[in-house]
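Please look over the model below before reading the points.

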Amino acid sequence: MNRSTSRVPLTDRPRLASKIAWSALLPRWICEAGALASVVFLCGSTVAQQDKTPQGGASTGGVYAPVHDAEHRPITAGGFVQDGPIVFKDISGQAGLTNWHYAGGSSSKSYIVESLGSGIALLDYDNDGWLDIYLVNGMSYEAMNVKAESPHAALFHNNHDGTFRNVAGHAGVTNDRWGVGVAVADYDNDGWPDLYVTNLGKNRLYHNNHDGTFTDVAEKSGVALGGWSTGPTFGDYDGDGRLDLFVPGYTAYDFHNPPVVGSNSVVSNYCQYRGASVFCGPRGLRGEHDHLFHNDGDGKFTDVSQKAGVADAPGYYGLTSLFVDLNGDGKPELLVADDSTPNYLYRNKGDGTFEDLSFESGYAVNHDGRETATMGIAVGDDRNVGRLDILDTDFSDDYKVLYRNDGDLNFTDSSYEAGVAKDTIPFLSWGDGFIDYDNDGWKDIFIASGHVYKQVDEHDWGTTFAQRPLLLRNNGAGKFTLVPAVQGTGLAVVVPARGAAFGDLFNDGKIDVVLNNLDSTPTLLRNVNPDHHHWIEFRLNGGAGKPRDAVGAVVFVTAGKTTRRGDVLSGGSFASSNDPRVHFGLGDAATIDSVEIRWPGGGPIEKIVVPGVDRILTIEQGRGVTHEDCSKCSSAKAK
């Protein structure tokens, strides 16, 4: 790894220099043995912490006492209250989503491949102004052996009346492979969103044909790969106006020689959890490398992973990635969430290459100097300071990590101080997002959870296979409080969730949630919070020579004395893609003082005059507002 400290403030350099110096001097046997709790941080290795972390395939924080509710249920599937704020309503059935089912191998979950689950994309594939839902599916062993039809991915078309219709077959996006992740981007700048779907096996690049159908061009474009790919992301890393593609790799996997105790593909002591036998991995398995594909502009991509410095030489277990500008220089950094190995933060150097600042930035490990089993990535300006913080989800027996952005690519684990850590420890969490669910102008946190080991339901460990989601309300300036789960509401659904995607599915200015659940039907949580706060949303279209869908754009909205930031991103959460429109809650502010847009690829910041609040505006680069969805418009006007 690159160990340069040139971008670290002087006040932080003695601490960092000490870590780096020790890591160079430590004998190899100490790193391998993990004799000290601090060795994990100093070595940057995947060793377990002695007397703290149970030997097993995933890195955790240790063994915690079980937490039960008043009815002695594990808190992950209980803790419900009779009265309280009703935020979400489960409308999965009435919306028409429950006629589709995720399939992922056997119900026993004997192998790691069966436990991972898949992501979700929210996109307006037919450009009718309403978000549609794409759900990635897994695979069945019967289908792999040609004894049954393959499970299909779903593309649910939004009928504009609260219901959805699955059109995946007609659209040609059923995938019919063991799917994992999905990212949305208009990679050819033709004004229509395309889909990249990752698999255990070759990936798909579905090009939008503009007529409600797609064509898989992955082979022709050079991005099919093979192996086990996970959560991809698109971003214009070199500023040439074309969106490039990053694809993390997980582990090597051979269906003819699956990782089980006694096989030559796994270290057998990584097939235990809390003393119980479980499936093997990811620790003890060989990791896959990551891939960065440069968009050549002719429908083809070139693998530049090695040249750019993001190939993941150690072979960490990548799960989710995200291109996002973290230091405000207009060039996207690259985040990679790694399972039970250190996370990556790559600084964009602006010359087509990246600098690995994973440890120097503070993002590689948590406050304890320990790598986490990181599943999902969310970014958001939850303090309204113009900088994006990062929330990573991870395993049960571990707190979910909130990294505060201190500027200049320095991050501090502030999970406990912010009120995020304590309530999240029993949960094994995946998809996550910063969303302003009540439109009060402060971004809140939503976390989707579900365990990987079926055995947890047989033991009193304080956790369960199916788990309820978590919503943490931002009390202002980035301090969070858990919103109680009211019995019978959306926060009380208990499901084995994996992917989670967030967006305004009903064009009413409220952010809804879709969950892709392992071996189950999906969940659609409609936002029914009774607030009357104001809001505004932007759909951005880039100009000539820029990404057409404006991925990488940053919007600043000032109302009253508060400036809020929103970003157009592709990827993140767990292997998912959110609503590409930028949403702002405004609280009681009925007027907007200014809107400024920093378009991807550089250039002057564009100032926009908006006609009012409580509406969805389409903005063309250089042309201002070109369309207005005013079905929910307030009489309040912008300044």
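The numbered points take these topics in turn.

1. Basis. This is a predicted model, in which local features need pLDDT of at least 70 and side-chain atom pairs count only at pLDDT 80 or more, while totals for chains, interfaces and linings use all residues. Residues are numbered from 1 along each chain as its sequence is written, and side-chain values use heavy atoms, with hydrogens and water left out.

2. Sheet. Four strands make up an open antiparallel sheet, ordered E2-E3-E4-E5. Because strand E2 (120–123) and strand E5 (164–166) are at the edges with a single partner strand each, one side of each has no neighbour in the sheet. From one strand to the next the twist averages 20 degrees. Strands here are DSSP runs of E, at least two residues, and helices are runs of H or I, at least four, both numbered from the N terminus; two strands pair if DSSP finds at least two bridges between them.

3. Strand pair. E4 (residues 154–158) pairs with E5 in the antiparallel sense over three bridges. Arg165 in E5 lies opposite His157.

4. Cores. A nonpolar core is a set of buried Ala, Val, Leu, Ile, Met, Phe, Trp, Tyr and Cys residues joined through side-chain atoms within 4.5 Å; buried means under 20% relative accessible area, exposed over 50%, and partly exposed in between (1.4 Å probe, protein chains only). The largest nonpolar core has 53 residues, and Phe164 and Leu524 are among those with the most contacts inside it. E2, strand E3 (132–135), E4 and strand E6 (178–185) each contribute at least two residues to this core. A second, separate core has 37 residues, including Phe234 and Ile592.

5. Salt bridges. The whole structure has 28 salt bridges, each a side-chain nitrogen of Lys or Arg within 4 Å of a carboxyl oxygen of Asp or Glu. Asp398 and Arg370 form one of 2.8 Å, N to O. The pair links distant parts of the chain, 28 residues apart: Asp398 is in the loop between strands E21 (389–392) and E22 (401–407), and Arg370 in the loop between helix H9 (358–361) and strand E20 (377–380). Asp398 is buried at 0% relative accessibility, and Arg370 is buried at 2%.

6. Further pairs. In the salt bridge of Arg204 with Asp216, the closest N and O atoms are 3.1 Å apart. Arg204 counts as buried at 16% relative accessibility, whereas Asp216 is partly exposed at 30%.

Key
Axes fitted to C-alpha atoms, helices over the stretch in contact; angles between N-to-C directions.
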